[in-house]
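Me: I'd like to go through a few labels in this model and see what stands behind each one. Can we start with the structure itself?

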Amino acid sequence: MTLQTLSDLKPELPQVDAVAKRYADLQSSFANANDDAQRAAVVDQWNQLRKELDTCSNLIELRFHQDTANKQYKEDRDYMDSILPKLKEYAVDMMRSLLNSDHRGKLESEFGKLAFDHWEAEITTYDPVIEQDLVQQSKLESRYIELQASAEFEFRGEKHNMSTLNKFAESKDREVRRQADEMRWDWYQANGEELDDIYDQLVKLRHGMAQKLGFENFVQLGYKLLHRIDYGQDEVAKYRQAVQEHVVPLGEKLRERQRESLGLEKLHYWDLSLFDSLGNPAPQGDHDWMLVQAQAMFDEMSSEIGDFFKLMQKAELLDLKSRSSKAGGGFCTAFPTVGWPFIYANFNGSKGDVEVFTHEVGHALQCYLSNDKRVVDYLWPTYEACEIHSMGLEFLTWPHMEMFFGDDAERFRQVHLTESLLFLPYGVAIDHFQHLVYESPTASPADRHEMWQEVEQRYLPWRDYGGAVYPSKGGAWQDKRHVYLSPFYYIDYTLALCCAMQFWLHAEEDRSETIDRYLKLCRRGGEASFLDLVESAKLISPFADGCLTDVVQKAAKALGV
Ligand code: ZN
């Protein structure tokens with residue numbers, strides 16, 4: 001049956017015994033294969049199996065996010081979490097067989113050496129001794145997601161969740177901003193003990209897994225889990241240093257300019273999201289209107305992007321409205337057996353809706369354009385490369401922002417660029433914090449709050465929480481989902497931003513050539529490593545000397561700073 005919409009996709013929950021049997025068959029077919037063609041056929045079958053399992057687990061994860069209060073969705077997710085380590089074990093065994101095969105050379109020329117590099121990284125990250133730890137990790141992560149999704153606020157006579165409360169951070173009325181900020185931190189304060197406890201357990205658990213796998217600490221394991229093949233901790237530390245030296249001083253200038261334009265004596269934390277006294281630009285219509293605008297925009301940009309977005313709408317591959325018990329955040333997921341991506345967001349009526357939307361469409365577009373890759377490991381690149389597709393599209397849609405913001409489009413572009421630059425220090429702060437945390441796994445929750453304060457002073461000196469006690473004492477990192485759910489991922493956004501801004505600068509010179517080059521990069525999916533992809537897209541590596549400074553200087557010039 002051909003699927004019309006996502007609701008037609010109803011994969012059966014995988015049963016461990018059945019999966020074990022399929023893997024045993026693959027292993028014996030591989031061992032008994034008579035020639036290269038037969039061996040390659042086994043790898044193809046394995047890819048098909050992995051696509052089926054990924055499709056199922058991604059759908060279950062999505063349903064849980066869409067309604068965290070639904071018992072069946074939660075049960076399915078718990079079940080999937082309980083068997084995922086087993087599935088990983090079988091996959092890792094298969095990788096070992098391929099890596100150790102006498103015919104590896106032939107297989108590498110058939111499927112590419114990069115897949116083998118990924119598998120080399122992957123096999124070091126799993127051993128059956130950590131099976132229960134992984135199940136426990138998923139449970140703790142669920143606790144964090146559910147806790148945040150359960151937050152309910154009564155603000156100015158209306159009910160709000162975390163996402164919808166956040167829109168008041170951009171209110172023109174300073175007192176509204178301050179009150180919403182206070183309410184938000186009060187929630188973190190009230191749940192601080194639990195948030196600390198979840199993280200404390202996660203850190204110790206992750207450290208324990210790293211040690212069981214023979215790593216010194218979780219930093220090394222964390223990098224392996226992200227399959228960082230081209231670079232390591234030294235390059236990342238050097239990059240953070242460059243941000244501290246070249247972007248933090250610029251950030252101070254941008255904050256000073258913001259203070260002046262708001263006409264305030266002092267910028268407090270609750271002022272940081274508002275960029276001028278006219279108010280931040282906001283989309284001029286609701287969710288349905290935005291989809292109509294988006295379709296017209298993509299049609300204008302390229303027929304390929306336009307057709308892709310028609311499919312997203314027709315097959316119901318979007319869930320963008322905020323509602324109660326829906327988990328926060330925005331992300332893109334995918335169902336590789338059908339080649340469909342899916343976009344998830346929580347619109348709240350602010351300009352962020354347009355940003356999150358164009359961002360996630362960038363991911364979805366790459367996923368859709370590279371879905372024909374033969375090896376599952378090439379469907380997506382590593383995350384820092386993924387974020388070039390998403391942030392790249394945020395910038396490449398700039399000339400069309402009139403369609404969403406009308407006469408405020410130019411102001412939107414200015415604010416978007418300002419926030420992008422200010423994001424760099426925040427992004428590396430989150431990264432630096434996690435290095436400190438995982439390098440000192442026995443630290444107490446109070447120590448961690450101190451670590452965050454130290455990092456904030458270094459990279460975000462303009463933060464002043466006013467009278468809010470909880471963040472003033474170092475608790476502000478707890479609202480960052482990645483710290484709990486995706487360790488060490490965060491620096492990837494800053495690396496990608498440095499590349500995405502290059503696409504923006506190139507597009508100012510030659511838009512159509514740049515869009516072609518961007519689409520070409522998307523089509524490559526994950527068939528190359530981060531730095532190879534960057535080079536092939538004629539971008540300069542963010543680790544190259546002077547790259548960051550150059551990009552940031554040009555952006556600052558565009559802002560007249
Ligand atoms: Zn992204």
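Reply: Setting aside neighbours within four places in sequence, K373 is in contact (heavy atoms within 4.5 Å) with K51, Y378, L379, R523, R524, G525 and E527. Keep in mind that this is a predicted model, where local features need pLDDT of at least 70, side-chain atom pairs count only at pLDDT 80 or more, and totals for chains, interfaces and linings use all residues. Residues are numbered from 1 along each chain as its sequence is written, and side-chain values use heavy atoms, leaving out hydrogens and water.

Me: Why is K373 called buried?

Reply: Buried means under 20% relative accessible area, exposed over 50%, and partly exposed in between (1.4 Å probe, protein chains only). K373 has 15%, so K373 counts as buried.

Me: Which backbone oxygen lies 3.2 Å from a polar atom of the K373 side chain?

Reply: That of R523.

Me: And where is K373 found?

Reply: In the loop between α14 (352-369) and α15 (383-396). Helices here are DSSP runs (H or I, at least four residues), numbered from the N terminus.

Me: What is the phi of H227?

Reply: About 55 degrees, a positive value although H227 is not a glycine. Most residues other than glycine have a negative phi. H227 sits in the loop between α10 (218-225) and α11 (233-262), and with 15% relative accessibility H227 counts as buried.

Me: What makes F488 buried?

Reply: Its relative accessible area is 0%, so F488 is buried. F488 also has a positive phi, near 65 degrees, without being a glycine, and its place is in the loop between α20 (481-485) and α21 (491-509).

Terms used: Helices (H or I, at least four residues) and strands (E, at least two) are DSSP runs, numbered from the N terminus. A polar contact is a pair of N or O atoms within 3.5 Å; within protein, one must be able to donate a hydrogen and the other to accept it, and residues adjacent in sequence count only if both atoms are side-chain atoms.
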